[in-house]
Amino acid sequence: MRVPALREERISEVVQAIRELAAGGTNAGGELTLAASVTTTTVVNALCSPRSQVLLTPKTANAASATGVYVTPGDRQFVVTHNSTAATDRTFSYLVLNTD
């Protein structure tokens, strides 16, 4: 996702960023895999703040069956708390939403 500079003077850069947004582009999401044999996984994301909402969508069967999953947002990161298993394929996509 293209992010124009605050004082961007090239109209083509601004237009391209708008086109990417209109096509559903975002830099507020990504993918994470829960760490095996521990109960927390930390994800660094520059857009995250303590007031963010983080939405998780399972991408694998093991992710869909994970229990005790919840998210604690913080400054430039969020922590996913989850059950501890040896599974290494509990993969989620995520989206960070900021309403302030």
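E13 sits in helix α1 (residues 11–22), where helices (H or I, at least four residues) and strands (E, at least two) are DSSP runs numbered from the N terminus. The model is a predicted one, in which local features need pLDDT of at least 70 and side-chain atom pairs count only at pLDDT 80 or more, while totals for chains, interfaces and linings use all residues. Residues are numbered from 1 along each chain as its sequence is written, and side-chain values use heavy atoms, with hydrogens and water left out.

With a relative accessible area of 18%, E13 is buried, a term that stands for under 20% relative accessible area, whereas exposed stands for over 50% and partly exposed for values in between (1.4 Å probe, protein chains only). R76, found in the loop between β4 (70–74) and β5, is exposed, because its relative accessible area is 52%. Leaving out residues up to four places away in sequence, R76 touches V43, V44, N45, A46 and C48, contact being defined as heavy atoms within 4.5 Å.

Two C-alpha separations can be set side by side.

| Residue pair | Separation along the chain | C-alpha distance |
|---|---|---|
| R76 and T42 | 34 residues | 11 Å |
| E13 and L47 | 34 residues | 21 Å |

One aromatic pair is counted, under a rule by which rings of Phe, Tyr and Trp (its six-membered ring) pair if their centres lie within 6.5 Å, with planes under 30 degrees apart taken as stacked, over 60 as edge-to-face and the rest as tilted. The pair is formed by F78 and Y94 in an edge-to-face arrangement, at 5.0 Å centre to centre and with 70° between the planes. It links distant parts of the chain, since F78 belongs to strand β5 (residues 77–81) and Y94 to strand β6 (residues 91–97), 16 residues apart. F78 counts as buried because its relative accessibility is 0%, and Y94 counts as buried at 10%.
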